[in-house]
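Subject: Structure handover

Hello,

Here is the structure for you to look over. My notes on what was found in it come after.

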Protein chains: 2
Amino acid sequence: MSRVRESPRTGHWVTFEPGGQHIWSLPAETLLDTARRAGARIASVCGGRGLCQSCVVQVTQGPVELPSQQDLEFFSSEELANNWRRACQTLACGDCRVEVSARARAVPLRAEVESEDVWVRPDPAVRLYPVTVAAPTLEYPVADDHRLMNALNEKWPGTCSRIDLDVLRHLPGTLRTHGGQVVAIVRFGEVIGVVPPGKGPLPGLAVDIGTSNIGVLLVDLRNGRTLASRAMENPQASYGGDVITRIGKARSSPEIQKQLHDLVVAGINEAARELCESQSLGPEQIADVVVAGNTVMHHLFLQLPVEYLGAVPFVAASASATDVKARDIGIKAMPGAYVHVLPNIAGFVGGDHTAMLLAIGSDHEEKTVVALDIGTNTEISLIHKGRLLSIACPSGPALEGGHIRCGMRSAPGAIESVEISGDQVRIRTIGNAPPVGICGSGVLDATAQLYLAGVVSPTGRMTRKHPRVRIRDGHPEFVLADEREAQGKAIVFSQRDIRAVQLAKGAIQAGIQVLLEDAGLREEEIEQVIIAGAFGNYVDLASAVAIGMLPDLPLDRFAQVGNAAGIGAKLALVSYPHRATAQSIAASSHYFELAGTVRFNTAFMHAMGFPDHKKH
Amino acid sequence: MSRVRESPRTGHWVTFEPGGQHIWSLPAETLLDTARRAGARIASVCGGRGLCQSCVVQVTQGPVELPSQQDLEFFSSEELANNWRRACQTLACGDCRVEVSARARAVPLRAEVESEDVWVRPDPAVRLYPVTVAAPTLEYPVADDHRLMNALNEKWPGTCSRIDLDVLRHLPGTLRTHGGQVVAIVRFGEVIGVVPPGKGPLPGLAVDIGTSNIGVLLVDLRNGRTLASRAMENPQASYGGDVITRIGKARSSPEIQKQLHDLVVAGINEAARELCESQSLGPEQIADVVVAGNTVMHHLFLQLPVEYLGAVPFVAASASATDVKARDIGIKAMPGAYVHVLPNIAGFVGGDHTAMLLAIGSDHEEKTVVALDIGTNTEISLIHKGRLLSIACPSGPALEGGHIRCGMRSAPGAIESVEISGDQVRIRTIGNAPPVGICGSGVLDATAQLYLAGVVSPTGRMTRKHPRVRIRDGHPEFVLADEREAQGKAIVFSQRDIRAVQLAKGAIQAGIQVLLEDAGLREEEIEQVIIAGAFGNYVDLASAVAIGMLPDLPLDRFAQVGNAAGIGAKLALVSYPHRATAQSIAASSHYFELAGTVRFNTAFMHAMGFPDHKKH
């Protein structure tokens, strides 16, 4: 199989395995873009810019272009000979067959929405009122809207002052079909739906739009019970794994900004449809929706411009809570239903952090608490003496497995924990599947273990003396699983990976330090550290403390609360007073911008190294 | 020229004169429908159902189908030989040329929006606030929406609590382009527009959607001054001249209901664009819109179902005032602007009547007043001792020239007044043009003059003895202008036309009588009769009293107030308190349904004849 046979300037048939998608490629289209059109999943953390290693594929048949300079550096000559490529760097030169690596097609698994229910006294914004509306007669020739409002206000004075126009359009038919026996769904005096009488639930949606995953809960607003839940990959992922890439994509053209909006809305609609179906409901019965997301997700969802989020001084277009008719944003629900979008705190402290603070509750008000959501961007709040201080740290994608040589999302086959003693390495993979890569918790474990085993020095330098360390292109890398153990492609942890983790953990460590300084507190005065988010839930606390990312406190002061943003969204959905609380949290939070400040940079520089403690 | 040459099952080239529109007809398409597609104006009062005589054309070249049975009865054999046809009854059988009669192409003229300005203390719902919004910095990294709201509320506390989402989408760009120097347009706490600083007016639209005409005023909300005004034919007219026909059309399919909505919205947008252009403004500067219309126009504008308006007990889908975002209804205006639609009183007493009552003001509260808007449907209110009683009478189209043999809209060449003394007839036409038909005021005059001249008896029977009466198909008709005077086609007033006027005036007369009975009043206790509407403005009061349509009162008790609905819409636009007044007028009005009631039918029967008075 020679490297070039035909011109990439014409299209070719491309087959993606193991999915079997068969599609005609466009001229000058990368395999990544072809796969996107074909609906074949290939992970792309950097959005196709050639900056990461997530889209690795093997061309098993047919010619492709010569490897790019970057791919020549990235792959070993053996790998290149076996036609390993990055899909975003590769063009087909003839009909070909492409094997998508297990790592590249891994769909995140662990983001499952927590099923553990939180209880809150239901006090929803939306309520239902069964009512009998008298038929009009020549003696009572009263308009349909007035007859409905009269009937409602007679039984429940002050309930209703207006009717959504779309509801009004269907009202005459509904009233006559059901002989005036209907149920009105009312939100703060506005009738947002009129439905036939029935005994079913009053469903609402709590949505947590994460950069990587979207969590959707279907909740019965009458009692706060979660009826069903679903987590899915954020369909925007094919436009880049992190918010910075997505900002860049959105800025590139209004059409792409619109596409990013449409993708997330379609994803939510699809999840909602499935959840409703599982309960024998229809999406048109959804009476209320609450959405939480980081600021970029928030802006893309509402189609607000994101460009100023990406440049100094990083301000949001909107930080207020937003109520918008579901139909105006494309969300399928009851004709007059609203979407409530939780307020942002600052440019990089979004509604998801507000939701998290709402979820962890006000019982912390008397305590000194650090609450953080670790991700590409890590949001940290310090609660101390009723004051709320918030910051955002640019921790990068390393802790989610991004920009790590063999990094991947949490999916079957991902190494999630590592233990090193002497020459022995013990790994554990998700689902006990053969290892295909390493996910965030594994990255943290590997770093801590390599440091504690002395393979990595306090400054982050990897020794070349360990039997599992090998040299590639002059740089050392630690073999976690060799070719034999890992189905042909070794899984390594490189010097560069260590550096990436140092940057990530350094940012978080420095952020906490600056917050403490600002409040005049010492580390040991922190009474509780709350770690939210998918990654935070699986992180090994001992490892995180070992490398200095988290404060060196007794482990019983830490709490891993999982998908707190989703829980916060649910609280705001089920209980209207909680929405008000979310607004006051966002409004009262003191935010300060770290980017480019001397004190953050100084703290960051010091936090890059690993702590010199031997107690772990 | 033979009658049938080719099959009407294929299309043909059709040319409409004098406009010169040239178009390929569709198989089995009537000339009326072909003309609609070509944009050639042909009046169609009945909406193409063959029930009226408004769409008369002459086929001057090419073959058409044999005349329909109805056309055989309607036209004289001479007219048929000259290829006079009704466009709605005729199909082309080959390429042909069609001369549209002057009557059928007449565009209403008299509906010009009154330029007489009414003064009201400006107190608009929408106000403008020039403001300086500080730029964000690393020390003041506050979101765009919060910076705008802070700036507004600092200068004018409590001004602003939210920003329209569409405005928000443009806010970041606008703020940065103008260095934070902007003008916020605020409506009840909601920012509905953010514009560059400037000294221009704050334009609003007052719209009166009539069945026949649409009147649009461009008003400066800052001072209540009318900047420009325009009247246009309601583009729905091609779907039928009266509301019943339009209800039928709308019910026939959702697409046609949508078309009717789109037509009226496009008409308003076009008028608004022209008005704005005349003032060097853009439609996107329109900050507020108020719309008044009869119930059917109201429902078609808001896309509410009209079917229940057309059947007993004739109730509206909505009688409440409606506020809707202009963009949601298709009206071009400022991004976040609203349209306020004035409330209806009942199924056939619409927002235009509410607007009229608003316009005539509350100074009548102490008096006993009858206020009526004469049209196909005549709305009458009796104001007595602070109580407001409203009814609707089915007066039919005769008084607007509809369903009258030679009837036409008020347009050049329409006979608008008639004087008969002995054998002599004196007519006056609009614009002193050669007579082409007879419009509403002429119809009323002709009836009164024929009655007063003894040509018509008190029961409505036309004598055959007058020299200008001729017999056609066994029925007498009075020649107002013969073939020579009227460019080839005589203008007559037939026995059937007299009957149509009797039905119309009888309904109005009976309506007033039932209202008086209900209030226990005698006719002479009416202190003022206010006649609104385009027709009412031109009606000869003496003629109207002579035939008994209006109460037999001294003429100084009558007031013809013209387009009061438009004035009412303007009041509600310029002054927010007037909107509240309109709502309380609509809510406090006591409506009773006349249709099918014994007492209306009895009064109607008695009112059909002409009064036996000789004092006029």
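In which loop of chain A is Pro313(A) found? Pro313(A) lies in the loop between helix H9 (295–302) and strand E14 (322–325) of chain A; helices (H or I, at least four residues) and strands (E, at least two) are DSSP runs, numbered from the N terminus.

Before the rest, some conventions. This is a predicted model, in which local features need pLDDT of at least 70 and side-chain atom pairs count only at pLDDT 80 or more, while totals for chains, interfaces and linings use all residues. Residues are numbered from 1 along each chain as its sequence is written, chains are lettered from A and ligands numbered from 1 in the order in which they are written, and side-chain values use heavy atoms, with hydrogens and water left out.

Backbone

Pro313(A) is joined to Val312(A) by a cis peptide bond, with omega about 0°. The loop between H9 and E14 of chain A also holds Phe314(A), which has a positive phi of about 55° although it is not a glycine. As background, most residues other than glycine have a negative phi, and most peptide bonds are trans. In chain B, the peptide bond from Glu17(B) to Pro18(B) is cis, with omega near 5°. Pro18(B) sits in the loop between strand E1 (13–17) and strand E2 (21–24) of chain B.

The two chains

On each side of the interface the numbers are 36 residues of chain A and 36 residues of chain B.

Chain A and chain B bury about 3000 Å² between them, 67% of it on carbon and sulfur atoms. Buried area is the accessible area (1.4 Å probe) that two parts lose on being put together, summed over both.

Salt bridges

Glu270(A) forms one with Arg273(A), the closest N and O atoms being 2.9 Å apart. Glu270(A) and Arg273(A) are three residues apart in helix H8 (residues 254–278) of chain A, so about one helical turn separates them.

Helix packing

In chain A, helix H5 (residues 144–155) and helix H6 (residues 165–177) pack at about 75°, with their axes 10 Å apart. Axes are lines fitted to C-alpha atoms, for helices over the stretch in contact, and angles run from 0 to 180 degrees between N-to-C directions. H5(A) and H6(A) are therefore roughly perpendicular to each other (65 to 115 degrees; under 35 is roughly parallel, over 145 roughly antiparallel, the rest oblique). Among the residues making the contact are Arg147(A) and Leu148(A) of H5(A) and Leu171(A) and Pro172(A) of H6(A).

In chain B, the axes of helix H8 (residues 254–278) and helix H9 (residues 295–302) come within 8 Å and cross at roughly 95°.

Regards

Notes: Contact means heavy atoms within 4.5 Å. A salt bridge is a side-chain nitrogen of Lys or Arg within 4 Å of a carboxyl oxygen of Asp or Glu.
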